[in-house]
Amino acid sequence: MPTAQRKAAKSSGAKKSALKPKSSAKASAKKTSAAKSGAAKTSATNATGVKPKPGYNPVAPERVQEILARLDRLYPGATCALTHKNAWELLVATILSAQCTDATVNKVTPMIFSKYPTPQAFAAITPEQLEPDIRPTGFFRNKAKSVVGAAKEVVANFGGEVPNDMEKLLSLPGVARKTANVVLGTWFKLGVGVVVDTHVHRISRRLELTKSNDARNIEQDLMKVIPQARWIDYAHLIIHHGRALCIARKPKCADCGLETLCHAADKTWSTVEIHKDATPA
Ligand code: SF4
C-alpha cells in the first residue's frame with residue numbers, strides 16, 4: 001500500500017478495525033473471514049464499521065475511469081508479454097499460451113519459429129512433427145493440431161497472411177475470441193473486443209465490473225462499461241495486475257493501489273466494506 005494511503009487510512013480511524021501489518025497474515029485472514037460473514041449477515045455495516053454508500057454503482061463511469069487511471073499508474077506501458085515479430089508468431093504464441101505461462105511459451109517459440117519461419121512452413125508439417133517441440137506448453141497434441149491446422153487455413157484461405165478480422169480469425173482451428181482479440185488488439189491495434197483470460201475473468205469480478213462467469217458474457221459486460229478506446233489496454237493492465245498483486249489465492253491487497261476501490265469478498269486486507277457477491281467465481 002502506498003505510504004500516503006496508509007497514513008490516510010490510519011488517520012481516518014480505519015486503523016483499529018482494518019489496518020494491519022502485512023506480517024500478520026493469519027490475523028488478516030481472520031479479519032477477512034469475519035468481514036465476509038459480517039457482510040453476508042447484513043448490508044447495513046461492513047468490516048470497517050462503515051455504512052455502505054447508498055446508491056453505490058460499481059460500474060459508474062467515474063469509478064471505472066478511476067480504476068483505469070490507477071492501473072495506468074501502477075503498470076505504465078503494460079503490453080502483451082508474448083514474444084513475437086509478426087501477427088502469425090503472435091497467433092501461434094497465443095494458441096500455445098492456453099493453460100501455460102507466457103514465460104514457458106517464450107522459451108519454446110524462438111526455436112519453433114527458427115525451425116518453421118512462416119505459416120507455409122508450419123502448413124507443410126504434420127501435428128505429430130510439431131508435438132515434441134511444444135510439449136513443455138502442455139496440451140501439446142491439441143495445440144499442435146490447432147497450430148498446423150491454422151497454418152493450413154491461413155495459407156489456403158488468406159494468402160499466407162493472418163487476417164485482421166474477427167470472423168475470419170474465428171474460422172481458424174484453435175482460435176476463439178480470446179486469441180482473436182489478442183491478435184487484433186496487440187498486433188493490429190484493433191479494439192473490437194476485450195481479451196478475457198483467467199486474470200481478466202477473476203479481477204473483473206473482484207472489481208464488480210461483471211457478475212458473469214463465462215468469458216463471452218464477461219467480455220460483453222466489459223465492453224459496456226469500459227470505454228472502447230481502453231479495451232486493449234484494460235486486458236494488458238489487468239493481466240499485469242493479476243500477476244503482480246491480484247493473484248488468485250491471497251491477493252496482496254495491502255500493497256494494492258486499487259484497495260480503496262475494491263470490495264472483493266476474498267480480500268486479504270481492507271479499509272472499505274466487503275461485498276459478498278464480489279467474488280472471483
Ligand atoms: S484490493 Fe486485493 S482483491 Fe482488490 S484488486 Fe487489489 S489485490 Fe485484488
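**Overall fold**

This is a predicted model. The chain comprises 13 helices and 0 strands. Read along the sequence, its pattern is α-α-α-α-α-α-α-α-α-α-α-α-α. The chain has 281 residues, and 40% of them count as buried. Take the contacts between residues at least 6 apart in sequence: 58% of these join residues at least 24 apart.

**Helix α13**

Helix α13 covers residues 231–244, 14 residues in total. From first C-alpha to last it reaches 20 Å, close to the 20 Å expected at 1.5 Å a residue. How much of α13 is buried? The count is 10 of its 14 residues, so α13 is largely enclosed by the rest of the structure. The buried set runs through Trp 231, Ile 232, Tyr 234, Ala 235, His 236, Leu 237, Ile 238, Ile 239, His 241 and Gly 242. Their cover includes α3 (61–74), α10 (177–187), α11 (198–206) and α12 (215–225).

Tyr 234 deserves a separate look. Leaving out residues up to four places away in sequence, Tyr 234 touches Leu 68, Val 194, Leu 222 and Ile 226.

**Helix α11**

Helix α11 is part of the cover over α13. In α11, 8 of the 9 residues are buried, so this helix too is largely enclosed by the rest of the structure. The buried residues are His 199, Val 200, His 201, Arg 202, Ile 203, Ser 204, Arg 205 and Arg 206. Helices α12 and α13 are among the elements that cover them.

**The nonpolar core**

In soluble globular proteins, nonpolar side chains tend to be buried together. Here the largest nonpolar core has 59 residues. Which of its members touch the most others? They are Leu 91, Val 147, Val 183, Val 194, Tyr 234 and Ala 235. Helix α4 (residues 87–96) gives the most to this core, with 8 residues. The core also draws on two domains: at least three residues come from each of domain 1 (87–187) and domain 2 (198–261).

**The ligand shell**

Which residues surround the ligand? The shell is made of Arg 206, Leu 245, Cys 246, Pro 251, Lys 252, Cys 253, Cys 256, Leu 258, Glu 259, Cys 262, Ala 264 and Lys 267. By class, 8 are nonpolar, none is polar and 4 are charged. Arg 206 is also one of the buried residues of α11.

**Positive phi angles**

Most residues other than glycine have a negative phi.

| Residue | Phi | Location |
|---|---|---|
| Lys 189 | about 60 degrees | loop between α10 and α11 |
| Glu 208 | about 60 degrees | just after α11 |
| Lys 250 | about 55 degrees | segment after α13 |

Is Lys 189 buried or exposed? Lys 189 is exposed, with 9 other C-beta atoms within 10 Å. Lys 250 has 13 C-beta neighbours inside 10 Å, so it counts as partly exposed.

Methods
Residues are numbered from 1 along each chain as its sequence is written. This is a predicted model: local features need pLDDT of at least 70, side-chain atom pairs count only at pLDDT 80 or more; totals for chains, interfaces and linings use all residues. A residue is near a molecule or strand if its C-beta atom, placed from the backbone, lies within 6 Å of it. Ala, Val, Leu, Ile, Met, Phe, Trp, Tyr, Cys and Pro count as nonpolar, Asp, Glu, Lys and Arg as charged, and the others, Gly among them, as polar. Helices (H or I, at least four residues) and strands (E, at least two) are DSSP runs, numbered from the N terminus. The expected span of a helix is 1.5 Å times one less than its number of residues. A residue is buried if 20 or more other C-beta atoms lie within 10 Å of its own, exposed if 12 or fewer, and partly exposed in between; C-beta atoms are placed from the backbone. Two residues are in contact if their C-beta atoms, placed from the backbone, lie within 7 Å. A nonpolar core is a set of buried Ala, Val, Leu, Ile, Met, Phe, Trp, Tyr and Cys residues joined through C-beta atoms within 7 Å. Domain bounds come from an automatic or database domain assignment.
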